[in-house]
Amino acid sequence: MTGVWDPAFIDPSLDCRAATFENPTGARGQGGTAHGGRKGAPSRILAPGERVVLADIEGPGTLRHVWMTLLPGPPETMRALFVEVFYDGGNQPSVSVPCLDFFGLPHGRPVPYHSALTSAQEGRGFNSYFPMPFARNVRVELVNAAPGPTVLYYQIDYTLEPPFDAQRGYLHVSFRRENPTVLTRDFVIAEGIEGPGRFLGCNVGVRVIDPGKWYGEGEVKIFRDGDEDLPTICGTGLEDYVGSAWGLGPHAALFAGAPLVAGPPARGAGPGDLAPTVDFVSFYRWHLGDPVMFAHDLRVTIQQIGMAFFLKGQQSEMERYGRTNPVAGAGWIRQPDGGLPAWGITERVDDYCATSYVYSRRPQPVPRLNVTAAISDIARRDYEGPLPMEAMAATLTVEPG
């Protein structure tokens with residue numbers, strides 16, 4: 001254990017600060033100025049379309065912890081709040097991602113979980129602990145792209161420090177979505193950031209378009225430094241990349257997990273539907289102890305491959321499925337004398353999104369968030385109810401000016 005993670009480490013040259021609505025520059029001796037310091041102004045109501053600066057800090061320094069809470073709302077409303085980060089005076093963001101996705105929660109659906117770098121405590125308090133170094137300046141902005149007002153609380157803890165270490169990198173966070181994916185074309189999780197750099201990890205959301213069939217046989221592939229047709233690192237399956245096996249249920253661990261696995265209440269499956277019906281899935285993976293470094297270029301992808309089962313008497317159903325979902329791998333495995341005469345892994349189409357976290361020695365722009373694409377097709381299903389305190393949104397009023 002070294003540096004600030006060592007509890008016995010002491011270095012007074014680290015000037016510890018915090019940015020809040022009362023003190024967005026983190027100035028010394030300027031915290032809690034409202035109402036005589038007696039629970040002053042910890043939050044703000046944000047109008048529709050409002051962009052607010054959360055921090056504007058002169059460096060060198062490092063953002064070390066971001067805490068935020070948002071007024072609960074429907075998925076498409078919560079996902080319409082997004083954050084952008086600009087380094088060293090740049091006019092294009094190096095972070096542009098929905099707030100919840102930044103904290104590891106795709107699909108606009110907050111659920112409780114914790115990991116080594118992110119957490120959603122009680123599903124309401126969102127935290128990140130990614131170090132975000134900056135040499136000259138950092139500006140953090142949040143946009144309410146939802147149709148109504150919302151309430152935001154936040155705190156950004158950071159340190160000002162000696163000159164920027166040449167071996168450190170700037171954190172780039174970008175969001176991608178492909179709705180739906182293209183048959184046999186792997187979904188891209190991360191690409192476009194030039195090295196030297198490090199792939200810290202990702203969170204991925206899947207909206208399952210073919211329910212009742214297992215969606216998670218696709219391999220995660222990491223192409224680095226000139227890899228073209230084949231990658232240097234190739235996994236063995238979606239749930240395996242998350243550190244689990246034999247399917248994927250809701251769970252969380254330090255470096256990988258699946259906080260959200262949402263579907264209708266369990267009921268009897270139909271013939272051939274041997275996998276639980278799942279509508280929305282999310283998973284995360286942090287490459288901390290198993291670092292993924294690259295010198296020049298990086299590309300991370302995941303295949304859309306699943307598994308289908310067919311029972312006796314379902315030959316025609318299998319043939320129909322095979323016409324739209326061609327086999328992958330070794331093809332169908334047939335057991336004519338058993339109760340499960342045919343099964344195999346097949347190509348499929350689903351709705352994938354991903355937030356990637358990539359460090360690089362120099363700040364670079366990432367694609368700006370397309371809010372319309374981010375919020376489409378994530379509305380609540382009939383088995384999902386409103387979140388606690390959601391009705392509070394109807395009482396909000398925005399002061400003019």
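Ser-128 is located in strand 9 (residues 125-128), where strands (E, at least two residues) and helices (H or I, at least four) are DSSP runs numbered from the N terminus. At 1% relative accessibility, Ser-128 is classed as buried; buried denotes under 20% relative accessible area, exposed over 50%, and partly exposed the range in between (1.4 Å probe, protein chains only). When neighbours within four places in sequence are left aside, the contacts of Ser-128 are Arg-64, His-65, Val-66, Phe-102, Phe-103, Leu-117 and Thr-118, a contact being defined by heavy atoms within 4.5 Å. The model is predicted, so that local features need pLDDT of at least 70 and side-chain atom pairs count only at pLDDT 80 or more, whereas totals for chains, interfaces and linings use all residues. Residues are numbered from 1 along each chain as its sequence is written, and side-chain values use heavy atoms, with hydrogens and water left out.

The protein chain contains five helices and 26 strands. The C-alpha trace spans about 80 × 50 × 40 Å along its principal axes. Of the 401 residues, 49% are buried. Among contacts between residues at least 6 apart in sequence, 78% join residues at least 24 apart. The mean positions of the 34 positive and 44 negative charges are 2 Å apart. Lys and Arg count as positive and Asp and Glu as negative, without His and the chain ends, and each charge is placed at NZ of Lys, CZ of Arg, CG of Asp or CD of Glu.

A search of the whole structure identified 24 salt bridges, each defined as a side-chain nitrogen of Lys or Arg within 4 Å of a carboxyl oxygen of Asp or Glu. One of them joins the side chains of Glu-141 and Arg-51, with an N to O distance of 2.6 Å. This pair links distant parts of the chain, as Glu-141 belongs to strand 11 (residues 137-144) and Arg-51 to strand 3 (residues 51-58), 90 residues apart. Glu-141 is buried, with a relative accessible area of 9%, whereas Arg-51 is partly exposed at 38%.

Glu-161 and Arg-64 form another salt bridge, at 3.3 Å from N to O. Because Glu-161 lies in the loop between strand 12 (150-160) and strand 13 (170-178) and Arg-64 in strand 4 (residues 61-70), the pair ties together parts that are 97 residues apart in sequence. Glu-161 is buried at 15% relative accessibility, and Arg-64 is partly exposed at 22%. Arg-64 is also one of the residues in contact with Ser-128.

A salt bridge between Arg-299 and Glu-191 has an N to O distance of 3.1 Å. Arg-299 is in strand 22 (residues 298-302) and Glu-191 in strand 14 (residues 187-191), so this pair ties together parts 108 residues apart in sequence. Arg-299 is partly exposed, with a relative accessible area of 34%, as is Glu-191 at 38%. Through salt bridges that share partners, Arg-51, Glu-84, Arg-139, Glu-141 and Arg-368 are joined into one network.

Backbone geometry was examined next. The peptide bond from Gly-59 to Pro-60 is cis, with omega near 5°, and Pro-60 lies in the loop between strand 3 and strand 4. A cis peptide bond also joins Gly-195 and Pro-196, with omega of about 5°; Pro-196 is in the loop between strand 14 and strand 15 (197-207). Asp-88, a residue other than glycine, has a positive phi near 50°. Asp-88 is placed in the loop between strand 5 (81-87) and strand 6 (95-98) and is buried, at 12% relative accessible area. A positive phi, near 70°, is likewise found for Met-389, which lies in the segment after helix 5 and is exposed at 56% relative accessibility.

Ala-393 is situated in the segment after helix 5 (371-375) and is partly exposed at 31% relative accessibility. Ala-393 and Gly-73 are 320 residues apart in sequence, with their C-alpha atoms 7.8 Å apart in space.
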